[in-house]
Amino acid sequence: MAYQIDTTDVVTATVNFGKQNFGSDARKYMPAVYLGASSGAALNMRIKTPTQDYTYSARGASTDMQIQRVDPGKGLIANWFELELSNTAGGDFTLATVAFTPLATTRRI
């Protein structure tokens, strides 16, 4: 039996990094996320807090392995972040590294 693959199908790929507090109970914000990746289209980073849920696109994309930057919103402050990376339009990507850059405030509540 032969199967034919429809090349118009879009495959969504997602990497969930779980809920993170980055080792601190303090409220923090995330000025940037750096992805060591290659992709034909911009990658998306979903950042979810207990009260907010936003998706941000990387500044650019390259089929060569390089650092891609994601700039989350400045008002996104929380103790815990749920982080998820996904492709756009079913594009292929290779992920080598992820660097989150949380900056702690002096507040816990």
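Which residues does Leu95 touch, not counting residues up to four places away in sequence? In this predicted model, Leu95 touches Phe17, Leu35, Gly36, Ala37 and Leu85.

**Leu95 and its setting**

- Leu95 is a residue of strand 9, the strand that covers residues 93-100.
- With a relative accessibility of 28%, Leu95 counts as partly exposed, because the partly exposed class lies between the 20% limit for buried and the 50% limit for exposed.
- Between Leu95 and Gly18 the separation is 77 residues in sequence, while their C-alpha atoms are 17 Å apart in space.

**The nonpolar core**

- The largest nonpolar core has 15 residues.
- Val33, Leu35, Met45, Ile47, Val70 and Phe81 are the members with the most contacts inside this core.
- At least two residues of this core come from each of strand 3 (33-39), strand 4 and strand 8.
- Leu35 has its own set of contacts beyond four places in sequence, including Leu43, Met45, Val70, Leu85 and Val98.

**Asn44 in strand 4**

- Asn44 belongs to strand 4, which covers residues 44-48.
- Its relative accessibility is 14%, so Asn44 counts as buried, the limit for that class being under 20%.
- A polar contact of 2.8 Å joins the side chain of Asn44 to the side chain of Ser57.
- Apart from neighbours within four places in sequence, Asn44 is in contact with Thr55, Tyr56 and Ser57, and also with Glu84, Leu85, Ser86, Asn87 and Thr88.

**Asn21 and Phe22 in the loop between strands 1 and 2**

- Asn21 is located in the loop between strand 1 and strand 2, and Phe22 lies in this loop as well, with strand 1 covering 14-20 and strand 2 covering 28-29.
- Asn21 is buried because its relative accessible area is 15%.
- A polar atom of the Asn21 side chain lies 3.0 Å from the backbone nitrogen of Gly23.
- Once neighbours within four places in sequence are set aside, the contacts of Asn21 are Lys28, Asn79 and Trp80.
- Phe22 has a relative accessibility of 28% and therefore counts as partly exposed.

**Positive phi angles**

- Most residues other than glycine have a negative phi.
- Phe22 is not a glycine, yet its phi is positive, at about 55°.
- Ala89, likewise not a glycine, has a positive phi of about 55°.
- Ala89 is placed in the loop between strand 8 (81-86) and strand 9 (93-100).
- The relative accessibility of Ala89 is 73%, so this residue counts as exposed, the threshold for that class being over 50%.

**Nonpolar surface patch**

- Tyr29, Ile77 and Leu103 form a nonpolar patch on the surface.
- Together, these three residues have about 220 Å² of accessible area.
- Leu103 is found in strand 10, which covers residues 103-104.
- Leu103 has a relative accessibility of 38% and therefore counts as partly exposed.

Definitions and conventions:
Residues are numbered from 1 along each chain as its sequence is written. This is a predicted model: local features need pLDDT of at least 70, side-chain atom pairs count only at pLDDT 80 or more; totals for chains, interfaces and linings use all residues. Side-chain values use heavy atoms; hydrogens and water are left out. Helices (H or I, at least four residues) and strands (E, at least two) are DSSP runs, numbered from the N terminus. Buried means under 20% relative accessible area, exposed over 50%, partly exposed in between (1.4 Å probe, protein chains only). A polar contact is a pair of N or O atoms within 3.5 Å; within protein, one must be able to donate a hydrogen and the other to accept it, and residues adjacent in sequence count only if both atoms are side-chain atoms. Contact means heavy atoms within 4.5 Å. Patches are made of residues with over 30% relative accessible area and no salt bridge: like charges are joined within 9 Å, nonpolar side chains (Val, Leu, Ile, Met, Phe, Trp, Tyr) within 5 Å. Accessible areas come from the Shrake-Rupley method with a 1.4 Å probe; for residues, only the protein chains shown count as cover. A salt bridge is a side-chain nitrogen of Lys or Arg within 4 Å of a carboxyl oxygen of Asp or Glu. A nonpolar core is a set of buried Ala, Val, Leu, Ile, Met, Phe, Trp, Tyr and Cys residues joined through side-chain atoms within 4.5 Å.
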